[in-house]
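Here is a short report on the packing in one model. Keep the sequence and structure open as you read.

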Amino acid sequence: MSTATTRAARANRATSTEGRSPEELREIVSHWGAELELAPAETIIEWAAATFGDRFAITSSMGDAVLAHLASKVVPGIDVVFLDTGYHFVETIGTRDAVEATLDVTLRTVRPELSVAEQDAQHGPDLYRTDPDRCCAMRKVEPLRRTLASYDAWATGLRRAETHDRVIAPVIGWDARKQKVKVSPIARWSDEQVETYIAENGVLVNPLVHDGYPSIGCWPCTRRVAPGDDARSGRWAGTSKTECGIHA
């Protein structure tokens, strides 16, 4: 990050203890988005932490710990938000626990307002099957929205190489629905870059990745993927659904 960029980011951080208005946040995106588009992932995270201070967090679905590992090196103790839907594979929960135990991060496990049993009682059993959009909204989208009230910006592990729908994901973008700055530090990374980073740094990977699950969500809605198929084709297989709504 250039000296001028660092000075500006530090100046912004001085006021980051209180939330900025949507207008101020949009202005930050407008000013910095293009400048950081080709920056290394570490520089992007450094900028976000300097700009937003404690009002910046990362999210992780615990498919791997690449983003958490990157962030922990740049911003030790950074908040890592994990959405515990109540439907995760045991391997995913194990990966979360391992990330908390081995990386210098502050893990925040966020749960829906209703337990699975309470949701079944109020909305009928297996809502993930009868109305998957509503299930995702209750168990992922709303808990994240509630949690992000404490932050001005959040980082995701979105990569353009994952699906065609994510080709236009900006490195620094504006999430109009959440009224937050959305940061995607590894958006430009290829699959090969991810694999190299994991190998060179001994990064934790969810064991399911090596068992035919390149994209891991809730166990009722995730299937194994045949070699060569789209990595996300195992998510909501047999339906037209491709996203949970977090990145809508």
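## Helices H6 and H8

Helix H6 (residues 116–123) packs against helix H8 (residues 132–147) at an angle of about 140 degrees, and their axes are 12 Å apart. Roughly antiparallel would need an angle over 145 degrees. H6 and H8 are therefore oblique to each other. Their crossing is right-handed. The model is predicted, not experimental.

From H6, the contact takes Val116, Gln119 and His123; from H8, it takes Arg134, Cys135, Met138 and Arg139. By class, the residues of this H6 and H8 contact are 3 nonpolar, 2 polar and 2 charged.

Aspartate 126 lies in the loop between H6 and helix H7 (127–130). Its phi is near 55 degrees, a positive value in a residue other than glycine. Aspartate 126 counts as partly exposed, at 27% relative accessibility.

## Helices H2 and H3

Helix H2 (residues 22–36) packs with H3 at an angle of about 155 degrees. The axes of H2 and H3 are 12 Å apart. That angle makes H2 roughly antiparallel to H3, because angles over 145 degrees count as such. The crossing of H2 and H3 is right-handed.

Leu25, Ile28, Trp32 and Leu36 are the H2 residues in this contact. They meet Ile44, Trp47, Thr51 and Phe52 of H3. The contact of H2 with H3 has 7 nonpolar residues, 1 polar and no charged.

Tryptophan 32 sits in helix H2. It is buried, with a relative accessible area of 6%. In sequence, tryptophan 32 and glycine 173 are 141 residues apart. In space, their C-alpha atoms are 9.5 Å apart.

## Helices H3 and H4

H3 also packs with H4, at an angle of about 60 degrees and with the axes 9 Å apart. That makes H3 oblique to H4. The crossing of H3 and H4 is right-handed.

On the H3 side, the contact is made by Ala41, Glu42, Ile45 and Glu46. On the H4 side, it is made by Leu67, Leu70, Ala71, Lys73 and Val74. The classes in the contact of H3 with H4 are 6 nonpolar, no polar and 3 charged.

How many residues of H4 are buried? The count is 7 of the 9, so H4 is largely enclosed by the rest of the structure. The buried residues in H4 are Val66, Leu67, Ala68, His69, Leu70, Ala71 and Ser72.

Methionine 62 is in the loop between strand E1 (56–59) and helix H4 (66–74). It has a positive phi of about 65 degrees although it is not a glycine. Methionine 62 is buried, with a relative accessible area of 1%.

## The nonpolar cores

In soluble globular proteins, nonpolar side chains tend to be buried together. Here the largest nonpolar core holds 43 residues. Which of them touch the most other members? They are Phe52, Phe56, Ile58, Val66 and Ile172. Helix H3 (residues 41–52) gives the largest share of this core, with 7 residues.

Take isoleucine 58. Leaving aside neighbours within four places in sequence, isoleucine 58 is in contact with Leu67, Ala68, Ala71, Ile78, Asp79, Val80, Val81 and Ala155. There is also a second, separate core of 9 residues. Val81, Leu148, Tyr151 and Ile246 are among its members.

## Serine 215

Serine 215 is in the segment after helix H9 (191–201). Is serine 215 buried or exposed? Serine 215 is buried, with a relative accessible area of 10%; the cut-off for buried is under 20%.

Which residues does serine 215 contact, leaving aside its neighbours within four places in sequence? They are Thr222, Ala231, Arg232 and Arg235.

Conventions: Residues are numbered from 1 along each chain as its sequence is written. This is a predicted model: local features need pLDDT of at least 70, side-chain atom pairs count only at pLDDT 80 or more; totals for chains, interfaces and linings use all residues. Side-chain values use heavy atoms; hydrogens and water are left out. A nonpolar core is a set of buried Ala, Val, Leu, Ile, Met, Phe, Trp, Tyr and Cys residues joined through side-chain atoms within 4.5 Å. Buried means under 20% relative accessible area, exposed over 50%, partly exposed in between (1.4 Å probe, protein chains only). Helices (H or I, at least four residues) and strands (E, at least two) are DSSP runs, numbered from the N terminus. Contact means heavy atoms within 4.5 Å. Axes are lines fitted to C-alpha atoms, for helices over the stretch in contact, and angles run from 0 to 180 degrees between N-to-C directions. Angles under 35 degrees count as roughly parallel, over 145 as roughly antiparallel, 65 to 115 as roughly perpendicular and the rest as oblique. A crossing is left-handed if the near helix is turned anticlockwise from the far one by less than a right angle, and right-handed if clockwise. Ala, Val, Leu, Ile, Met, Phe, Trp, Tyr, Cys and Pro count as nonpolar, Asp, Glu, Lys and Arg as charged, and the others, Gly among them, as polar.
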